[in-house]
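The report below concerns the packing of helices and the contact between domains. Please read it alongside the sequence and the model.

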Amino acid sequence: MTDKRVPALIVGAGAAGLTVSALLAQHGVGSVLVEKRREVFIYPKARNLSFRSLEILRGLGLSDEVHAVAGRISDMLTKPTLTSTEQRQAFDVDAIFSPFDGLSPEPSGQYCPQSAFEPMLLAQVRRGGSEVRYGTELCSFEQDDAGVTAVVRDRDSGAAETVRADYLVAADGVHSPVRDALGVTTAGFGALPIYVVFIYFRAPWRQFVPRLGDGDAVQIKNAAVDGIMLPVRDDFGMFATTYFPGRGETAAQFTADRCRDLITAAVGEPIDVEVVDVATWQPYERVADEFRCGRVFLVGDAAHAMPPFKAGGANCAIQSAHNLAWKLAAVLTGTADPSLLATYHAERHPVGRFSARQSLTGPSLHLLRLEEVGPGLPPDEEAPMFALLAGYQYRSAAVVSDAPGPADPDTVSLVEELRGQPGTRVPHAWVQRAGERVSTLDLLGPGFTLFTGDDDAAWSAAAAAVSTALGVPISVQRLGTASDVDGAWAAVTGLAPEGALLVRPDDFVAWRADARPADPDKDLHHALSVILGRR
């Protein structure tokens with residue numbers, strides 16, 4: 001007997017699972033999300049959000065909440081001890097991210113730990129009417145041609161419930177039981193031969209680095225200790241260090257006494273230290289070979305796990321969730337053919353594989369000491385940071401383009417600039433609306449958006465006709481000279497006044513018309529039908 005029916009069952013309430021649930025709710029689709037943890041993360045975990053992730057949270061209406069707690073992206077100093085006057089900058093954060101200023105209405109990146117943004121997403125999900133159950137685990141599931149039948153269990157009461165869902169989204173982490181049950185194989189380096197130990201403590205340590213921002217860190221290296229000191233809040237701190245099982249080292253060696261000694265050695269003089277918790281984490285570079293298996297989809301670490309130091313981790317998870325959610329919603333509401341769902345793997349697998357591989361280059365080689373224990377990547381394989389943040393181009397049936405794709409469909413397509421090319425994130429430009437300056441990204445709604453120029457009458461009529469014929473809402477945004485007062489939109493897109501851009505619900509350009517065709521209705525109808533798999 002089925003106790004509950006729901007369009008989507010989501011397993012795992014991390015960044016990926018919560019984002020999928022919040023976005024589905026925005027599209028009017030309900031979900032049940034189960035999480036075996038009994039509470040949201042109380043420790044920072046993921047720390048920095050890229051401008052692309054900030055844009056997605058902005059689209060959910062969470063921008064003000066995020067900025068209320070967020071700060072500039074994390075910086076890192078290197079010192080022999082906290083008390084030492086000797087110091088240098090580990091890497092130049094401004095030099096890394098300043099080239100992206102102006103690409104987004106959001107900052108290039110911000111410090112906003114998972115312990116802060118996860119509760120925001122949780123509240124948004126519940127405001128949208130969907131259900132989140134902590135302390136609840138997935139016991140089993142079976143899928144058939146019409147849906148997924150799952151058994152979930154409350155970990156406290158032991159009560160089990162059968163849930164029937166149209167689709168199941170597995171956001172259950174790097175060791176995903178759902179992925180394993182499906183028999184989905186993975187590729188990549190796998191488990192890195194190193195463990196990171198997080199020592200959470202209370203001590204008056206910030207007096208020694210009074211200018212340290214909440215998102216900043218201090219790398220400490222001396223004869224007794226090698227690790228990174230990070231603030232959590234007030235006098236609550238975290239010290240991250242490493243150990244190598246291949247050298248006979250174990251987690252059991254990190255007793256409370258040894259942890260206090262390590263923190264004292266990092267500070268450089270005796271202080272009162274209370275060890276609150278000790279947790280270990282083994283980084284993985286692992287990508288599932290399939291992001292979809294029937295009616296089950298993998299997101300987040302279940303799909304693409306990677307060390308988090310190069311715009312990966314939570315950022316990649318949030319962006320995959322954004323890609324999947326609108327497609328699931330379109331199919332569940334009947335506006336798209338189920339074939340649209342195949343484009344989730346086609347678009348996000350190359351990006352996930354690329355991001356994971358790049359995570360073993362640059363800073364992570366040093367921070368994880370990978371040069372000591374195994375191969376990363378040759379330096380000439382390190383891609384520009386822009387490629388990881390937003391410089392990728394989707395190639396799939398959900399993008400209409402005459403441009404040839406790569407010979408290998410699993411190879412990511414990269415662009416040097418965002419200029420309104422089909423398959424890329426729509427460019428940001430400041431334009432005027434009702435006397436106010438707004439971003440072109442703020443003009444996007446939960447449906448499709450058609451950007452036109454000065455002479456939009458024919459395009460507006462076409463959008464209305466196609467919207468009625470296909471039952472798909474299309475918002476028309478005119479960006480002529482009255483709106484694009486400084487010409488920024490025209491300059492970045494190179495779009496003629498009679499041209500148009502069709503943008504998908506995930507902010508990516510789906511189709512581009514550089515000139516008005518003889519029959520705009522016919523061409524727009526064809527493009528949207530192809531994108532939605534309704535040919």
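Arg 52, Ser 53 and Ile 56 of helix H2 are in contact with Asn 315, Ile 318, Gln 319 and His 322 of helix H8, where contact means heavy atoms within 4.5 Å. By class, this contact has two nonpolar, four polar and one charged residues; Ala, Val, Leu, Ile, Met, Phe, Trp, Tyr, Cys and Pro count as nonpolar, Asp, Glu, Lys and Arg as charged, and the others, Gly among them, as polar. The model is a predicted one, in which local features need pLDDT of at least 70 and side-chain atom pairs count only at pLDDT 80 or more, while totals for chains, interfaces and linings use all residues. Residues are numbered from 1 along each chain as its sequence is written, and side-chain values use heavy atoms, with hydrogens and water left out.

Axes are lines fitted to C-alpha atoms over the stretch in contact, and angles run from 0 to 180 degrees between N-to-C directions.

| Pair | Axis distance | Angle |
|---|---|---|
| H2 (residues 51-59) and H8 (residues 314-332) | within 9 Å | roughly 45 degrees |
| H1 (residues 15-26) and H5 (residues 114-127) | 9 Å | about 30 degrees |
| H1 and H8 | 8 Å | about 30 degrees |

With axes crossing at roughly 45 degrees, H2 is therefore oblique to H8; angles under 35 degrees count as roughly parallel, over 145 as roughly antiparallel, 65 to 115 as roughly perpendicular and the rest as oblique. H1 and H8 pack at about 30 degrees, so H1 is roughly parallel to H8. H1 passes H8 in a right-handed crossing, whereas H2 passes H8 in a left-handed one; a crossing is left-handed if the near helix is turned anticlockwise from the far one by less than a right angle, and right-handed if clockwise. The contact of H1 with H8 has twelve nonpolar, two polar and no charged residues.

At the level of domains, whose bounds come from an automatic or database domain assignment, the protein is divided into domain 1 (4-70 + 112-186 + 286-387) and domain 2 (391-532). Their contact takes 26 residues from domain 1 and 32 residues from domain 2. Between them the two domains bury about 2,300 Å², 56% of it on carbon and sulfur atoms, buried area being the accessible area (1.4 Å probe) that two parts lose on being put together, summed over both. In domain 1, Trp 326, Glu 347 and Phe 386 lose the most area to domain 2, together 26% of what that side buries.

Technical notes. Helix = DSSP H or I, 4+ residues; strand = E, 2+ residues; numbered from the N terminus.
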